[in-house]
Amino acid sequence: MTPLLSVRGLTKRYGRIVACDDVSLDLYPGQVLGLVGESGSGKSTLLRALVGELESDAGEVIYRTAGGDELTVNALSEARRRKLMRTEWGLVHQNPRDGLRMHVSAGANVAERLLDGGARHYGTIRETVTAWLREVEIDVDRADDRPGTFSGGMQQRLQLARVLVTHPRLVLMDEPTGGLDLSVQARLLDLIRRLARTLGLSMIVVTHDIGVVRLIADHALVMRHGRIVESGVADRVLDDPQDPYTQLLVSAALIP
Amino acid sequence: MIARAVPPPAADAAPRGGFSFGYLDERTKRSIRRGLLKAVAIPGHQIPFRSREMPMSYGWGTGGIQVTSSLIGLDDTLKVIDQGADDTTNAVNIRRFFAKTCPGVATTTRTAAATIIQTRHRVPEAPLREGQILVYQVPGPEPLRHLEPSEEKTRKMHALEEYGAMYLRLYEDISIHGHVATAYNYPVLVHDRYLMSPSPIPRFDNPKLHRNPALQLFGAGREKRIYAVPPYTRVESLCFDDYPFERETWERGCAFCEARDSYLDEVVVGDHGERLWICSDTDYCAQRTETA
């Protein structure tokens, strides 16, 4: 099987500081990759470099499109990259306020990617939006309310619907459970896991929470000081860590 | 069309009281005309221009006045309207401004007699013809501004034709009101390419922009932008397939001229809330009452 996304030797420096140091990884179709590491280990930089939000200093990000073409994402023109981000890719932000339009209704938030894609029939858009709100367990009566009136967990679920409505092939999540309390986290993780299965999503989930990796990831990568120190099947990495840093990280988790 | 725009630097148009013909100096006018040429070449695209301080506050039509000033010549006849009327403060003062700064230029209230019509918030009811220029006063030239406060980002959205989000307002209107409730400044797509704010004209006037034989120029003084719709250019109002664009309609005609095809203003005429619906275009109304 050929990987959906291949990263080769990605490096990003901020002046003297090397935030991502020669990072390579493969993501296969249908795979969920958990990227763990402490604050400042370069996880978010890696994610932002992948989506082209940051210009990398070295290395390649190669993506295989639905049409079978190989795209070097970090060498694409901005127009094509932005198009890719709105069609085949999806990014879920840690803070739903970064990913949602707070001054338009929840329904309009979900509709946006459809409209971006050229949908111009109100009836069908509304139907799709309603179906997606139901899918992420948001009361359809709230469709015309602003996301600002939603709880944190609802906002995060709304963000999921907004990203998934166009069935992206690759979803990147940055700390999707950050800032949520435990019961809400559990419900969200459950939802993410269910959607990943039913839609066959390929995902990269960045988190500092070992528990999140255990619950939703097939494969785990551990980052420290911008380098990947350990990589393997999630259960193996978490139950039998080889690298001293991973051992420390796993033993530091409250509920291992 | 613009070729005629070079005004005669004639001797009788010499500066009066220290002012150039049309208030602006020749160099400024030339730079504005250059902006206008570019605007005509790229219909609907906003061109930055060196907007000058004018002897009136922003919001009073400084953009439109600068455009008119750089076009007007001795053989022109100027008409100025504000909300369709020739006799409101804004219109009267701008007309007087040009009468003072352009000695020898005729002014009129008749749409048919005018070569340049400067307007605030209306398109005249009487159809325009080739050779006429309609100059709009524009407060906010950027249709994407309420979605995206950053100029850098809106420019990128225009460049990449990312206009999907613009439909969100229509989507919300239909979801909440069951129809599109945007009544003025209704966004349009020009020449199948650029999204454009038609300035705060009522939705009623949007169809008049489409394939209009006259040249339509838009000037925003505070925001320092010029844009244009050349004659006979496609101008489409945004809509959904199942919710086509509709103009406003009234159940009555104008109280003076009984016109049913004209945009009507609701005027309160008594202490007990008595109302009158009358044409907003005063010239159109006057022509009709005269001929009747």
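Predicted model: local features only at pLDDT ≥ 70, side-chain atom pairs only at ≥ 80, totals over all residues.
In which helix of chain A is the place of Ala49(A)? Ala49(A) belongs to helix H1 of chain A.

**Overall form of chain A**

- Chain A contains 10 helices and 10 strands.
- The radius of gyration of chain A is 18 Å, which agrees with the value near 18 Å that a compact globule of 256 residues would have.
- Along the principal axes, the C-alpha atoms of chain A occupy a box of roughly 55 × 45 × 35 Å.
- Buried residues make up 44% of the 256 residues of chain A.
- Among contacts in chain A with a separation of 6 or more, 64% are between residues 24 or more positions apart.

**Helix H1 of chain A**

- Helix H1 of chain A spans residues 43–50 and is largely enclosed by the rest of the structure, because six of its eight residues are buried.
- The buried set in H1(A) consists of Lys43(A), Thr45(A), Leu46(A), Leu47(A), Ala49(A) and Leu50(A).

**Ala49(A) and its surroundings**

- Ala49(A) has 25 other C-beta atoms within 10 Å; the residue therefore counts as buried, the cut-off being 20 or more.
- Leaving aside residues up to four places away in sequence, Ala49(A) is in contact with Leu10(A), Lys12(A), Cys20(A), Leu54(A) and Ser56(A).
- Ala253(A) lies 204 residues from Ala49(A) along the chain, and their C-alpha atoms are 28 Å apart.

**Nonpolar cores**

- The largest nonpolar core comprises 80 residues, of which Leu33(A), Ala111(A), Ala161(A), Met203(A), Val205(A) and Ala220(A) touch the most other members.
- Val205(A), one of these residues, touches Val32(A), Leu33(A), Gly34(A), Leu35(A), Met173(A), Pro176(A), Val212(A), Ile216(A) and Ala217(A), when residues up to four places away in sequence are not counted.

**Contact between chains A and B**

- In the interface, 16 residues of chain A are in contact with 15 residues of chain B.
- On the side of chain B that touches chain A, nine residues are nonpolar, two are polar and four are charged.

Definitions and conventions:
Residues numbered from 1 in each chain as written. Chains lettered and ligands numbered in written order. Contact = placed C-beta atoms within 7 Å. Nonpolar A, V, L, I, M, F, W, Y, C, P; charged D, E, K, R; others polar. Buried ≥ 20, exposed ≤ 12 C-beta atoms within 10 Å, placed from the backbone. Helix = DSSP H or I, 4+ residues; strand = E, 2+ residues; numbered from the N terminus. Rg over C-alpha atoms; globule rule 2.2 N^0.38 Å. Core = buried A, V, L, I, M, F, W, Y, C linked by C-beta atoms within 7 Å.
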